[in-house]
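Here is a short report on strands and their pairing. Keep the structure in view as you read.

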Amino acid sequence: MKKYENQIPTDMRMGLTKIFSLLRDTLLLTAKLKPTANIDVETFRLADEITIPDASRITWFGHSAFLLEIENKKLLFDPMLGSRIPWVGAKRYSDKLPLQPEDFPEIDAIILSHDHYDHLDYSSIRKLKDKVNRFIVPLGVGRHLLKWGIASEKISEHQWYEELVIDDLTLACMPARHFSGRGLFNRNSTLWCSWVIIGGETKVYFSGDSGYGPHFKEIGETYGPFDLTILECGQYDERFLIHMKPEETVQAHLDLRGQLLFPIHWGAFTLAFHYWTEPIERVTKAALEQKVNIATPKIGETVMLASKVFPTSAWWRK
């Protein structure tokens with residue numbers, strides 16, 4: 001079985017000391033890291049048409065799931081829309097979603113960054129699959145979709161640095177610093193990636209899951225500047241290097257030559273040993289210090305990319 005690797009050394013070995021410390025924290029800390037009550041989300045109503053590039057918009061569904069509407073295309077990324085992450089058991093902070101999977105209209109493409117359960121969710125894919133024209137995924141991830149009943153002609157797999165064109169959009173599968181696998185014995189058997197999305201007037205970058213690394217500067221030099229960077233900022237821990245700390249998120253945005261930073265990978269599930277609002281508090285503080293424009297919409301709140309004013313309220317404190 002082929003094994004994929006990161007561009008730079010990334011030690012993910014789990015010695016006994018690390019394992020015992022993670023087990024200890026799981027038993028003692030996890031219950032203290034969640035909100036004390038269900039968080040509110042905005043009800044999302046899909047626009048009928050996006051007919052001009054300046055009307056491009058993004059709507060976040062919590063964690064790393066978001067809908068990007070650009071060039072009259074509806075692209076749904078990493079749609080983990082379930083109430084609980086399988087195996088891990090983490091329960092969603094909200095008891096409802098901005099839009100239920102069964103209520104979505106036709107989606108031009110679902111685009112995946114890797115095969116972890118909090119990004120590739122069986123129940124969500126099964127509910128969405130008949131509404132989706134195509135699935136765009138990194139190498140090896142297509143076999144999960146085939147097993148779940150997706151027709152092979154609807155799936156395209158891509159390696160790092162490969163571009164594909166969909167009408168007026170160009171997508172580029174680019175590196176990330178992470179790992180893959182859905183079981184004990186298939187780690188790194190599929191590829192993980194980030195994505196560049198280029199329209200006629202708008203350029204967007206999505207990090208997927210990624211620790212900090214030189215790939216951000218490389219991508220910024222090749223494809224930047226970006227109108228919008230959608231970057232993970234949560235679920236980090238000093239014991240592993242496969243997620244960014246919030247301050248690194250801001251630095252990655254600068255490396256990418258981004259205009260507006262949209263932090264994700266927080267606000268829905270507890271997967272690390274920090275309080276649930278710590279990522280967004282730290283990333284907004286770092287953005288202010290670095291004079292970076294940052295958007296902090298509520299889950300389900302739509303952000304128009306052509307707007308001069310972006311949501312910045314600290315809604316998580318309420």
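In strand β12, Pro-263 is the bridge partner of Leu-231. The model is predicted: local features need pLDDT of at least 70, side-chain atom pairs count only at pLDDT 80 or more, and totals for chains, interfaces and linings use all residues. Residues are numbered from 1 along each chain as its sequence is written, and side-chain values use heavy atoms, with hydrogens and water left out.

Strands (E, at least two residues) and helices (H or I, at least four) are DSSP runs numbered from the N terminus. Two strands pair if DSSP finds at least two bridges between them.

**Pairs**

| Strands | Sense | Bridges | A bridge partner pair |
|---|---|---|---|
| β1 (57–60) and β2 (66–70) | antiparallel | four | Ile-58 and Leu-68 |
| β10 (203–206) and β11 (226–232) | parallel | three | Phe-206 and Ile-230 |
| β11 (226–232) and β12 (258–264) | parallel | six | Leu-231 and Pro-263 |

**Around β11**

How many residues of β11 are buried? Six of its seven are (buried: under 20% relative accessible area, 1.4 Å probe, protein chains only).

**The seven-stranded sheet**

An open sheet has the order β6-β5-β4-β3-β2-β1-β14, with mixed pairing. β6 (155–158) and β14 (302–304) stand at its edges. Each has a single partner strand, so one side of each is left without a neighbour in the sheet.

Conventions. Buried < 20%, exposed > 50% of the residue type's maximum accessible area, 1.4 Å probe, protein only.
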